[in-house]
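User: I am new to this structure and would like to know what stands behind the terms used for it. Please go through them one at a time.

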Amino acid sequence: MDFAVDAETEAFRTEVRAFLAEHLPAEVEERLYVTGESHDDDFARALGERGWIAPEWGPEERPLDPTHAHVLEAELAKAEAPFYAVSTGAMVGRVVAASGSEDLRAEILPGIASGEVTIALGMTEPEAGSDVAAVQTRARPVDGGWVIDGQKMFTTNGHAADHVFLLVRTDPDSRRHRGLTTFLVPLDRPGVEVQAVRTISGERTNITYYADVFVEDRWRISEVGDGWRSLMLALQDEHSAPFSPHLARLLEAAEEWAAAPGVDGTVPLDRPDVRRRLARAATELEVAQLLEARTTWMEASGEVPLAEGPMSKLFSTEAIVRNAEDLTALVGPDALRSRTDPTAVVGGRIEHALRFSLGTTIYAGTSEVQRNIIAQHRCGLPRA
Amino acid sequence: MDLGLSDEQHQLVDSFTNLLAKASTPEHVRAAEPGGVDQALWRTLRETGAVTMGVAEAHGGWGATLVDLALVAERLGRAVAPAPVIEAQVAARLLAAIASPAALDALGPVLAGERLVTLAVRPPQGGMAALTPAGAVCDAVIVLDGDRLLLVPVSDRTRRPVANLAAAPLADIDLSPSAIEGAAATELAAGVEAVDRFEAALDEWLTLTAAALVGIGSAALDLGCAYAAERTAFGAPIGTFQGVSHPLADDATHLDGARLLAQKAAWSLDRDDARGRELAAMAFAFASRTAEAATYDAIHVHGGYGFMLEYDVQLHHRRARGWARVWGDAEAADARAADARYAGARHTTTGAR
């Protein structure tokens, strides 16, 4: 048993941090915060140039093993780097690589790997939520292709991306997981409408509408009716991005606040309750990091973290919510000052964490979905 | 990073699992109440080397790491074993670490299985080492008396066994010279060294107890899950109800985290890592909260049956609290973790609040 990170991995972490210092200047960070964007073209291309976007389907041998991929994602998340469109693109790339036609692979994969092609996810819908198989958006065959009608919810980057990845119903009589097909749809097609959705954390996402949108058959990814199965197959090794870096950022902000004298001259860290509550947050960070490290270690050892991946996602995100709540309460009234206000405590990072935390237990599988998986695969409980 | 066990560690875990499956069944655990020690089990454990293994080879032990001991502690917790293994291990390691002639004199009979030396995990107050773990069955206790670390003989005249929630072998031990009379206390260390030695031993006790709490919680979770999978109500196994399954999923998650953290703390102390003390306190705090929640949920899932003494899960519920709180609660450990983390610390705590 060895909890140490090896020197080579640490060297890679240093390399990623140097990359971030070069490609994520403070003004870019500020602009991203104000606009709520989660993508930056230059940053994405710089990632692509390093070979840090392409997973195993890339032009070269997979450059990043699970340990390095985890370090990269953790550092990007910690720095709040704009890589969401990059990560959704890489995910769709995996699906295309697994079940797309040769032409589609040749057309789309190199651009994803270089950071030049961006793809938004059009999976869930207003009436679907976590129950993604409740898809109602339809594609009907027409001469030379398909016509798509429906709407998709939370298509983050849908206003900026080149394509949207759509899960649609191609068999109108089908139910649930059957009769679904996946497509890649250029977002500049007539009939596509993107409407901004503003969120409590300031991030911008979208609802996208599709009215008689025509796409040629070459944009179809899966076999007709095989969309769900091929999606699950392609993503079975895909685990959610690490969330513990967000908790680390929150704790660092709170510790910075606690170490500085307040207006009355006293140092919060001298108060026993402050010390205990910070230590408790630090303990939960330690656990979140360990659960994430275990998932990565299992992947690197060729094991499938069936319950362990959900455990990591569940714990980390619930810990962010719990500690954002507790640490804003600890800071007191001053924690109310917003990140955009010049008087904000530690740059408003604690206030922002409280807003940001709320989404984390919902997207990428709600806590309830994660608990269902854990109950089934770890606790041996029957499915409902 | 390697989170797997070595072949030797797998064998170690297997051998204790097998031993405890025979000698520490729920029937044994019940029969050992309220005194808290099954003498046959304790003898078997000592003969297996449960105490000796933890001492350095240079001092006659087997040189097991704290990680090894944490693996054993988890098995002891799972079986809620009525034997004072952790206290005996920590006290023996403390004597070996001091390695003065007096300490080694005391260590000899411990390794020979002739004497049981325990550790008062909280410094005594008013000449009394209250609720000393293994105090009801020990021959001597190591106490931090101000800035002196003393080895004090214990007899039935100086101790009062205390009936307690966990049916653990606890006793209030009178340390006053008049009580000890002729049997003089031995000074093992003084000044800064005494405090440092005590705190280092406490780090080990907190870490091993954290591992034991993970075992207690895991066994309770298994009982709760097995019951929830089989018991039906309203026409379905109750495990299909999310109100039942979701707390169990949370407990499973927290127990995995608590196990990793206890093992990391042990690994860290083995390496004299700068974060060892902080991680040990964190491990105790997290394992303590987790074991409390897991054993509560496991009882609750059983419905009224969980409240019956006949069901095993209550054995775990009481020990999840009792084994930990002889030192202090999770918040006391939070404070200790903070003192280590924010060192330079104007606030230092020794023992519980």
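The questions and answers below concern a predicted model.

User: Why are α9(A) and α10(A) called roughly antiparallel?

Analyst: The axes of α9 (residues 272–300) and α10 (residues 308–331) of chain A cross at roughly 165 degrees. Angles over 145 degrees count as roughly antiparallel, and α9(A) and α10(A) are therefore placed in that class. Their axes come within 9 Å, and the crossing is left-handed.

User: Which residues make that contact, and how do they divide by class?

Analyst: Among them are Val274(A), Ala281(A), Leu291(A) and Met298(A) from α9(A), and Met311(A), Phe315(A), Ala319(A) and Leu330(A) from α10(A). Charged residues take part too, including Arg277(A) and Glu284(A) of α9(A) and Asp326(A) of α10(A). The contact holds 11 nonpolar, 5 polar and 6 charged residues.

User: What makes α10(A) and α9(B) roughly perpendicular?

Analyst: Their axes cross at roughly 90 degrees. The range for roughly perpendicular is 65 to 115 degrees, so α10(A) and α9(B) fall under that term. The two axes come within 10 Å. Met311(A), Leu314(A) and Phe315(A) of α10(A) meet Thr253(B), Asp256(B) and Gly257(B) of α9(B).

User: How many residues does each chain give to the contact between chain A and chain B, and which element of chain B has the largest share?

Analyst: Chain B gives 37 residues and chain A gives 35. On the side of chain B, the elements with two or more residues are α8 (191–230), α9 (242–270), α10 (276–301) and α12 (330–341). The largest share, 14 residues, belongs to α9(B). That side of chain B has 21 nonpolar, 8 polar and 8 charged residues.

User: How do you know that the span of α4(A) is close to the expected one?

Analyst: Helix α4 (residues 66–78) of chain A has 13 residues. The expected span is 1.5 Å times one less than the number of residues, which for α4(A) is given as 18 Å. From its first C-alpha to its last, α4(A) reaches 18 Å.

User: What makes a residue of α4(A) buried, and against what do the buried ones pack?

Analyst: A residue is buried if 20 or more other C-beta atoms lie within 10 Å of its own. The buried residues of α4(A) include His68(A), Val71(A), Leu72(A), Glu73(A) and Leu76(A). They pack against α1 (7–23), α8 (244–259) and α9 of chain A.

User: What is the phi of Glu80(A), which follows α4(A)?

Analyst: The phi of Glu80(A) is positive, near 55 degrees.

Definitions and conventions:
Residues numbered from 1 in each chain as written. Chains lettered and ligands numbered in written order. Predicted model: local features only at pLDDT ≥ 70, side-chain atom pairs only at ≥ 80, totals over all residues. Contact = placed C-beta atoms within 7 Å. Helix = DSSP H or I, 4+ residues; strand = E, 2+ residues; numbered from the N terminus. Axes fitted to C-alpha atoms, helices over the stretch in contact; angles between N-to-C directions. Parallel < 35°, antiparallel > 145°, perpendicular 65-115°, else oblique. Left-handed = near helix turned anticlockwise from the far one by under 90°. Buried ≥ 20, exposed ≤ 12 C-beta atoms within 10 Å, placed from the backbone.
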